[in-house]
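Here is a short report to read with the model open beside you.

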Amino acid sequence: MRTDTSPGALPARAPLALVPGEPVLDVVIPVFNEEKDLGPCVRRLHEHLTRTFPYPFRITVADNASTDRTPEVAHGLASVLDGVRSTRLEEKGRGRALRQVWSASDAPVLAYMDVDLSTDLNALLPLVAPLISGHSDLAIGTRLARSSRVVRGAKREFISRAYNLLLRSSLAARFSDAQCGFKAIRHEVAERLLPLVEDTGWFFDTELLVLAERAGLRIHEVPVDWVDDPDSTVHIVRTATEDLKGVWRVGRALAVGALPLDRLARPFGDDPRDRSALPEVECGLARQLLGFCAVGALSTVLYLLLYSAFRAGTGPQFANGAALLLSAIANTAANRRLTFGVRGRDRALRHQAQGLVVFGIGLALTSGSLAALGAATAAPAHSTELAVLITANLAATVLRFLLFRAWVFPERRDTPVNVKDDIR
């Protein structure tokens with residue numbers, strides 16, 4: 001895997017500063033031997049952008065070493081249509097074409113689409129608008145959203161869904177459609193991501209998306225209407241094989257930490273997660289409270305189920321102690337991972353031991369409540385016992401959160417942070 005040669009951290013995302021007369025959008029159409037479809041495609045796209053796009057634009061035809069009349073057709077289109085240009089590559093590869101054109105372009109928003117225009121062009125403005133406004137870093141069309149309307153054969157549908165399922169299971173990808181030929185990216189993001197992308201073929205944009213997502217960049221998805229091109233020249237088996245190789249290569253690089261994705265982090269002011277750089281601000285409390293409440297609700301359900309099961313064959317005190325012990329172990333493990341973000345086995349036993357101390361406090365509260373109920377009523381109803389236990393558990397929960405946050409899983413600040421240096 002190649003090492004990083006990209007510039008430093010991304011600037012804070014902001015709406016684009018538009019320059020009069022300069023193109024805001026550069027749409028790249030990579031082609032190989034498309035002399036028949038290229039002319040109608042470019043004219044239709046040019047007419048659509050002229051009629052609907054509110055900013056200056058450019059269309060770039062990137063010829064991938066075609067051996068037919070595609071270069072002549074591209075040159076002819078560039079000579080008669082304003083805002084159309086063509087470039088020639090002597091080697092094949094969609095990724096190679098996108099890398100070369102995007103790297104050389106001066107437009108602040110870069111996009112590409114397939115020459116067959118399978119995607120409805122009405123999705124183009126919604127695709128690039130979040131990039132122009134500063135809301136997102138990349139944007140993709142998705143054929144797999146519920147609101148997308150797609151016409152294609154069962155074979156391609158199965159392959160597409162299987163491929164995206166593979167990405168989710170192997171690379172933990174959260175975007176829905178990696179291979180839709182309808183994507184856009186902000187220029188400053190492309191400058192930093194492209195040096196990290198190794199593939200030059202069909203896996204190029206999948207690799208780009210995976211790296212962007214792992215770097216914490218924002219990917220906007222647009223449902224599209226899409227009609228399959230029956231004359232597509234894509235070789236499915238060869239492409240699938242190359243994609244599998246790419247998945248293995250990227251997954252291995254991510255696993256060993258070979259990609260310096262932390263260099264893509266944006267400075268404070270854009271990503272709320274960066275506010276941890278301010279030592280005087282207590283960060284993460286709201287997120288931790290939400291996580292703790294979710295875990296606590298599930299733990300309470302588990303506790304009540306266990307208590308009811310144990311209560312059927314034993315007394316209330318034993319049933320309470322056993323149910324609370326088992327649910328406390330599960331609660332500590334869940335809060336360790338989900339609420340306080342502690343990963344790995346380091347200090348796991350210590351955390352469980354501290355959690356058992358917190359459990360002891362909860363046991364004292366709930367057992368005391370049961371004892372008080374027993375002293376007040378000789379034979380309390382089961383529903384009354386549950387109501388008392390829920391109330392006692394609520395009090396124990398508040399104390400448990402405070403102890404977890406301050407004692408069991410305290411925030412570790414090994415080195416002081418200089419805010420001015422961090423955002424410089």
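## Strands and their sheet

Alanine 139 has alanine 184 in S7 as its bridge partner. Strand S5 (residues 138-142) and strand S7 (residues 182-186) run antiparallel and are joined by three bridges; two strands pair if DSSP finds at least two bridges between them. Helices (H or I, at least four residues) and strands (E, at least two) are DSSP runs, numbered from the N terminus. This is a predicted model, where local features need pLDDT of at least 70 and side-chain atom pairs count only at pLDDT 80 or more, while totals for chains, interfaces and linings use all residues. Residues are numbered from 1 along each chain as its sequence is written, and side-chain values use heavy atoms, with hydrogens and water left out.

The order S3-S2-S1-S4-S7-S5-S8 describes an open sheet of seven strands with mixed pairing. Strand S3 (84-89) and strand S8 (219-223) each have a single partner strand, so they stand at the edges with one side left without a neighbour in the sheet. On average, neighbouring strands of this sheet are turned by 20° against each other, direction ignored.

## Helices on the sheet

Helix H1 (residues 38-52) packs on the sheet and touches strand S1 (25-31), strand S2 (57-64), S3 and strand S4 (109-113); contact means heavy atoms within 4.5 Å. The direction of H1 makes about 165° with that of S2. Axes are lines fitted to C-alpha atoms, for helices over the stretch in contact, and angles run from 0 to 180 degrees between N-to-C directions.

Helix H3 (residues 94-104) also packs on the sheet, touching S1, S2, S3, S4 and S7. Its direction makes about 125° with that of S3.

## A helix crossing

Where do two helix axes come within 10 Å? Those of helix H9 (residues 285-311) and helix H12 (residues 382-408) do, crossing at roughly 145°. Residues in this contact include Phe292 and Tyr303 of H9, and Phe401 and Phe404 of H12.

## Aromatic rings

Ring pairs link Phe292, Phe340, Phe401, Phe404 and Phe409 into a cluster. Rings of Phe, Tyr and Trp (its six-membered ring) pair if their centres lie within 6.5 Å; planes under 30 degrees apart count as stacked, over 60 as edge-to-face and the rest as tilted.

The structure holds nine aromatic pairs. Phenylalanine 53 and tyrosine 55 have ring centres 5.7 Å apart and planes at 70°, so this pair is edge-to-face.
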